[in-house]
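Subject: Structure handover

Hi,

Here is the structure I promised to pass on. My notes on what turned up in it follow below.

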Amino acid sequence: MQSTTVGGLDKAFTSWLTAQSVQVSQVSQPDPPSVHKRTSASKCLYMPVDIFAYWYRVKLSDHSSPDYTSCMKIVLYARVSTSDQFDHGVSLDAQKAKLEAYAKLYDLEAVVTVVDAGESAKSLNRPGLQRALAMLSSGEADGMAVVKLDRLTRSILDWQTLIDRYFGDRAGKQLFSVNDSIDTRTAGGRMCLNLLLVVSQWEREVIAERTRQALQFKIASGQRCGKLRFGYDLASDGKTLVSNANEQRAIDLIVRLRAEGLSLRKIASKLTLTGIATKEGSMVWSHTAVSRILQRQNKAA
């Protein structure tokens, strides 16, 4: 409670209570109105004032607010996606500096700093993250802090796993994100977390959708897209695909043999015997290579 107010009440209301001969200290007592003593000068006014003050005090006690009086033990978690970033150390050092400053600012006890170097966020199966989560499960730490949510994962399914097992109401562990201003000790922090996860997943799917459309356009335009496919060579411009006659005849043979009912392994054996080289220059064919060619042909049909 601030010194300028009593029980969270402003000066004007406090002065009015004093004028009615009501002890101001009574307003902030934790007991219900019925146990307060009355003064003779305020018998007719005391009850409504008492009830209002008691209601005001209860209203101010927000049970959803975090308890900042105790020092919570947390794990600081940092991740970079490439070994190059780890070798230079710039990104990791920046993350650790932010996390340590955040913990100090909010009186959080950093038990340990865990780092995943050169690890993708596509999976939760990362050595550092598994160690941090194990500390949450064992009770060595009560929460985890990250610089940004994508340091943990980019998958909405993985996030659901983390929330169910660690950061949800039942699990009781807390999550702090510096850049996203998230503190799951509060209802607002939990709401922001859920909203950001939905938006993040949507953004990722939109990017993937646009990438697929761009690749399909390049393929339809006869341009190279990724690895050079069997049946084509690269033109002098380095972009356009031109048909390779010998490889196209091999593709026709694969399609015909498959239509005759031959298995993928038998087709691969026949290609090896005929001396037709794969795109990598190997004279030995595998059934998986035959399968990929047939799948591309089916898609193009």
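Let me begin with the aromatic rings: Tyr-102, Tyr-106 and Phe-176 are joined into a cluster by ring pairs. Please keep in mind that this is a predicted model, in which local features need pLDDT of at least 70, side-chain atom pairs count only at pLDDT 80 or more, and totals for chains, interfaces and linings use all residues. Residues are numbered from 1 along each chain as its sequence is written, and side-chain values use heavy atoms, with hydrogens and water left out.

**Aromatic cluster**

A search of the whole structure gives four aromatic pairs (rings of Phe, Tyr and Trp, the last by its six-membered ring, with centres within 6.5 Å; planes under 30 degrees apart are stacked, over 60 edge-to-face, and the rest tilted). One of them is the tilted pair of Tyr-102 and Tyr-106, at 4.8 Å centre to centre with 45° between the planes. Tyr-102 also pairs with Phe-176: their ring centres are 6.2 Å apart and their planes at 55°, so this pair is tilted. Tyr-102 belongs to helix H5 (residues 90-105) and Phe-176 to strand S4 (residues 174-177), so the pair ties together parts that are 74 residues apart in sequence. (Helices, H or I with at least four residues, and strands, E with at least two, are DSSP runs numbered from the N terminus.)

As for burial, Phe-176 has a relative accessible area of 0% and is buried; Tyr-102 is buried at 12%, and Tyr-106 is partly exposed at 39%. (Buried is under 20% relative accessible area, exposed over 50%, partly exposed in between, using a 1.4 Å probe and protein chains only.)

**The sheet**

Five strands make an open sheet in the order S2-S1-S3-S4-S5, with mixed pairing. Strands S2 (109-116) and S5 (182-183) are at the edges with a single partner strand each, so one side of each has no neighbour in the sheet. S1 (residues 73-79) and S2 pair in the parallel sense over seven bridges (strands pair if DSSP finds at least two bridges between them). Leu-76 has Thr-113 in S2 as its bridge partner.

**Helix H9**

Just after the helix, Gly-261 has a positive phi of about 100°.

**Salt bridges**

How many salt bridges does a search of the whole structure find? There are eight, each a side-chain nitrogen of Lys or Arg within 4 Å of a carboxyl oxygen of Asp or Glu. Among them is Glu-247 with Lys-279, whose closest N and O atoms are 3.0 Å apart. Glu-247 is in H9 and Lys-279 in the loop between H10 (264-274) and H11 (287-300), so the pair ties together parts that are 32 residues apart in sequence. Arg-151 and Asp-150 form another, at 3.1 Å between the closest N and O atoms, and both residues are buried.

Best wishes
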